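Colleague: Could you take me through this model slowly, feature by feature, in the way you would read it yourself?

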Amino acid sequence: MMKERLKSIILLVLVCLSLFQTYQLWYGQQPAELATAEDIYERVIIEQPRPPEQIIFPETIVIPVENGYYAYREGEQIYTRLWETLLEQLHSSFVSNQAGTVSDFPEGAPRLLSCYLRPLLPVGSESSLLPLLPESELARLDLIGGSETYWVRLFTAEEEVLAEAKLTSTQVAVLQNLISVAKAEERVLHNLLTGDAAASAAGLNVTVNEVIFLPQAQIDLARLPVKPETINREQLLKTFFVDYSLARSIEEKDGAVIYTDGERGLRLTTGGFEFSYPRLEEGEANQTVAEALNSSGALISFHGGWPSGLRLEIIEQARLGRSVTYSTQWRMYYLGYPLYAAKPTRIVFNDRGLIHFNRLIYNLQNLNQDLAENRMTAGWQEALRAALEVIFAEASEQPEDLKLEAFNLGYAIVTGGNELWAEPVWHLQIDGQRILLRADNLVQIQVEDLR
């Protein structure tokens, strides 16, 4: 009799344990391998996310002067002052005017300043900067006016007027002072590249697909030492795994370490990391561009933070079968010049979460500038002809027409001795082909030589 009672008690306990475990499976704490990105972000936040207007900046701010333009880029103090002041004026002007157009806009008035945004900045109801404007994307901002009256005019990528506003006398005084300070500094003049100028230099028909400002004279750029960013390994692991001690680690011969929980993997190197979560690939991406911009910026904040000079270059949506993803590409800049490395920082995600994240950041800040070696750049005409020689050497026949999609000075990350260097380069993209030429002697740098 006692044995039967003991069996009944044991059976009752087992049934209760079974019910408790079932409850935990349905409603209890998730195991580490099933924890969502939200669980991770609540545990560790390396840096607070930024609003879109602190993610997308003008690629160039230009001020017309006699015989050309002065061009200002991120990293310069006057650029920062101009853009922050314009943001403040934009917000107050378009809120007070309820957006739209103004009846007394002076057609034909001189342009005093232009900001070219790339990529485009979403505006409208989801914008903290310009919520009253119609849903669109801002491509250019013009400051127009005379001695006492200024107007701000906003444009889409199709050159349509998005909105305009008249500035107050106080706003005019502030901007007049800033523009005077900017123009007082002697700078290299720039020209807006036209198809005719490009065709004249190239000796064949060239279509210029983008707004490109190029220096009229040679520029002295320094070859600089460079180092990859320092990663706090333990902190970073916590942003990807709820409990990274449960993840298996694999050490590779080159010193990289792979952490995996069976579904997602994180590969850490001395200069960056690569994260992959293939199970999330099957999903939709229903976010708006503004929402996707916020999501991608938040991922930068959560997984490593914002180094000085990091800029968004591309945001796009891709479809493969039933899968839809957003992809963003980021690049480091130094004094407004882009750094071309072996792999750009790239993020792929959808509504289910983060699918892929490659982060490779090189830092030129706070380095020993005594090691810098000055390089005098070749002129843009010579750089264009040298790039065409590369294309013609690889083509079966010489093309009659070319599309020039990008043309700028920058830096390529290469190896020199036992050090990494940022080498000044001319960067061109012609008919989809990217070409990097050393800025001084125009010798090509192959993609496989990038670090």
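This is a predicted model: local features need pLDDT of at least 70, side-chain atom pairs count only at pLDDT 80 or more; totals for chains, interfaces and linings use all residues.

Colleague: How many helices and strands does the protein have, and what share of its residues count as buried?

Modeller: The protein has eight helices and 25 strands, and of its 451 residues 47% count as buried. Its accessible surface comes to about 23200 Å², with 49% of that area belonging to carbon and sulfur atoms.

Colleague: What share of the contacts with a separation of 6 or more is made by residues 24 or more positions apart?

Modeller: Among the contacts in the protein with a separation of 6 or more, 65% are accounted for by residues 24 or more positions apart.

Colleague: Let us take a single residue. Is glutamine 329 buried or exposed?

Modeller: The general idea is to compare the relative accessible area with a cut-off, and buried means under 20%. Glutamine 329 has a relative accessible area of 18%, and therefore counts as buried. This residue is found in strand S17, which covers residues 323-334.

Colleague: Which residues is glutamine 329 in contact with, leaving aside its neighbours within four places in sequence?

Modeller: With those neighbours left aside, glutamine 329 is in contact with Arg311, Leu312, Glu313, Ile314, Pro344 and Thr345.

Colleague: Now the surface. Which residues form the negative surface patch?

Modeller: That patch is formed by Glu126, Glu135, Glu284, Glu291 and Asp351. To take one of them, glutamate 135 has its place in the loop between strand S3 (111-123) and strand S4 (136-145). The cut-off for exposed is over 50%, and glutamate 135, at 53% relative accessibility, therefore counts as exposed.

Colleague: How many salt bridges does the structure hold, and how should I read one of them?

Modeller: The structure holds 25 salt bridges, and for each I would look at the atom distance, then the places of the partners, then their accessibility. In one of them glutamate 263 pairs with arginine 279, and the closest N and O atoms are 3.0 Å apart. The pair links distant parts of the chain, 16 residues apart, with glutamate 263 in the loop between strand S13 (257-260) and strand S14 (265-268) and arginine 279 in the loop between strand S15 (272-276) and helix H7 (289-302). Glutamate 263 is partly exposed at 31% relative accessibility, and arginine 279 is partly exposed with a relative accessible area of 38%.

Colleague: What does the salt bridge between arginine 375 and glutamate 423 tie together?

Modeller: Their side chains meet at 3.7 Å, N to O. Arginine 375 lies in strand S22 (residues 373-376) and glutamate 423 in strand S24 (residues 419-430), so the pair ties together parts that are 48 residues apart in sequence. Both partners fall under the cut-off for buried, arginine 375 at 19% and glutamate 423 at 3%.

Colleague: Where does aspartate 440 lie in its pair with arginine 375?

Modeller: The side chains of aspartate 440 and arginine 375 meet in a salt bridge at 3.5 Å, N to O. Aspartate 440 lies in the segment after strand S25 (433-438), 65 residues apart from arginine 375 in strand S22. At 30% relative accessibility, aspartate 440 counts as partly exposed. Salt bridges that share partners join Arg223, Glu373, Arg375, Glu423, Arg438 and Asp440 into one network.

Note on methods. Residues are numbered from 1 along each chain as its sequence is written. Side-chain values use heavy atoms; hydrogens and water are left out. Helices (H or I, at least four residues) and strands (E, at least two) are DSSP runs, numbered from the N terminus. Buried means under 20% relative accessible area, exposed over 50%, partly exposed in between (1.4 Å probe, protein chains only). Contact means heavy atoms within 4.5 Å. Patches are made of residues with over 30% relative accessible area and no salt bridge: like charges are joined within 9 Å, nonpolar side chains (Val, Leu, Ile, Met, Phe, Trp, Tyr) within 5 Å. Accessible areas come from the Shrake-Rupley method with a 1.4 Å probe; for residues, only the protein chains shown count as cover. A salt bridge is a side-chain nitrogen of Lys or Arg within 4 Å of a carboxyl oxygen of Asp or Glu. Lys and Arg count as positive and Asp and Glu as negative; His and the chain ends are not counted. The place of a charge is taken as NZ of Lys, CZ of Arg, CG of Asp or CD of Glu.
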